[in-house]
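Biologist: Hi! Could you walk me through this structure, one piece at a time? I'm new to this.

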Amino acid sequence: MYLALKEIRHEKLRYGLIVSMIVLIAYLIFILTGLAFGLAGENTQAIDSWGAKSIVLNKDSNVSLTQSVITTDQAKDAKLSAQEAVIGSTPVVAKHKGKEKISASFIGAKKSQFIINDLKISSGRKARGNHEVVVDQKFKDDGYKLGDKVTLNSFNDQYQIVGFTKNAKLNVAPVIYGTIPSWKHLRAMEGVPVVGSAIVSKNAKYNAKDDHLKTYSISYFISKLPGYSAENTTFGFMIGFLMIISLIIIAVFLYILTMQALPIYAVLRAQGIPARTLVSTITSQSLILMVAGLVIGAALTAATASVIPIGVPMAFNLPVLTWISIGLLIMGFIGSAIPAQKIATVDPVKVIGG
């Protein structure tokens, strides 16, 4: 460790450049991870808030909430306890004079069931009638306020905003919570014998007891949300490639510096200093550089998170970031193996003689 610190202090510019590269890579990985979790959260915030473990859909809906319709006949044998709730879902466009249109997801639910009972209101109150709604905080951020009356899609009916709730997004779209009759109206199914789009359950093994219905785990349902899996896979590959790039950068820089200092290492070997000591010097240098880069990168990430606009979805998962940091340290350790091997096998006679 002593030799490692001594050399870093002596070659401040060279090692400073390596640290700068590590800082940029760590910063980029942390930001991408935050964006990945932020976007994933905006796909599933509403689902996560329900605390559900399974969902029942029409088996011909292709695991799509908006495409699923459960008829009264199909649900007649379904025994609904306090652990189950019927919901209806449809995409809508909310409009209010003088304000920007917002594409949203309308969720109709019964106020006696847990979806509405467990709904946390940040301001205002829960809906009591068919023409009252609770909306996601995004509406408030876009200038909507309590008491505003919005129209949905091309219908003339007005729905009054009586409450706001936080973290209520589904497939990135903000959620509007209303009633089942309102959902039927928006789907043009008034008078049609349907109960909703899905039955959501806190029971992982809930069975609706009808051949036309199928129960899916919430994790599987989420994986089938449009673009969800592709988005997460893309971010995963980007982060993985960046970690590989960090390994290559560390290996290349340390190898170049080692080759330049090879005569010095040869002299040290000739003086009787064990190869193990010199190898530990290279390994220590790598770990010191990685730790310094990760600390500075984390500080830059925290600074960025504090000033980033509200509209940018970003969420930081500390356990995941910790594992990524450990992974980068391992990459740095592996990257030091090539120059370390060169030092371990150096022949003092050939190097000094050359």
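**A chat about the model**

Modeller: Happy to! Let's begin on the outside: Asn62 counts as exposed, with a relative accessibility of 69%. Keep in mind that this is a predicted model.

Biologist: Okay, where is Asn62 found?

Modeller: Asn62 sits in the loop between S1 and strand S2 (70-71). Its phi is positive, about 60°, although Asn62 is not a glycine.

Biologist: And what about Lys209, which loop is that in?

Modeller: Lys209 belongs to the loop between S12 and S13. The phi of Lys209 is near 60°, again a positive value in a residue other than glycine. Lys209 counts as partly exposed, at 48% relative accessibility.

Biologist: You mentioned S1. How many of the residues of strand S1 are buried?

Modeller: Five of the five, so strand S1 (residues 54-58) is largely enclosed by the rest of the structure.

Biologist: Which strand does S1 pair with over five bridges?

Modeller: That is strand S13 (residues 213-217), and the pairing is antiparallel.

Biologist: Is Glu84 buried or exposed?

Modeller: Buried, since its relative accessibility is 3% and the cut-off for buried is under 20%. Leaving aside neighbours within four places in sequence, Glu84 is in contact with several residues, including Gln113, Phe114, Val200 and Tyr206.

Biologist: New topic! Where is Thr165?

Modeller: Thr165 is in strand S8 (residues 158-165). Thr165 is buried, with a relative accessible area of 3%.

Biologist: What lies 2.7 Å from a polar atom of the Thr165 side chain?

Modeller: The backbone oxygen of Lys120. Lys120 is also among the residues in contact with Thr165 once neighbours within four places in sequence are left aside, and so are Leu119, Val134 and Tyr177.

Biologist: How about Ser123, which strand is that in?

Modeller: Ser123 is in strand S5 (residues 123-124), and it counts as buried at 18% relative accessibility. Beyond its neighbours within four places in sequence, Ser123 is in contact with Lys140, Leu146, Val162, Gly163 and Phe164. Another pair to look at is Ser123 and Lys166: they are 43 residues apart along the chain, and their C-alpha atoms are separated by 9.5 Å.

Biologist: Which residues in H7 meet H10?

Modeller: Ile239, Met243, Ser246, Leu247, Ile250 and Ala251 do, and on the H10 side they meet Ile324, Gly327, Leu328, Met331, Gly332, Ile334 and Gly335.

Biologist: Great, thanks! I'll go and find these on the screen.

Notes
Residues are numbered from 1 along each chain as its sequence is written. This is a predicted model: local features need pLDDT of at least 70, side-chain atom pairs count only at pLDDT 80 or more; totals for chains, interfaces and linings use all residues. Side-chain values use heavy atoms; hydrogens and water are left out. Buried means under 20% relative accessible area, exposed over 50%, partly exposed in between (1.4 Å probe, protein chains only). Helices (H or I, at least four residues) and strands (E, at least two) are DSSP runs, numbered from the N terminus. Two strands pair if DSSP finds at least two bridges between them. A polar contact is a pair of N or O atoms within 3.5 Å; within protein, one must be able to donate a hydrogen and the other to accept it, and residues adjacent in sequence count only if both atoms are side-chain atoms. Contact means heavy atoms within 4.5 Å.
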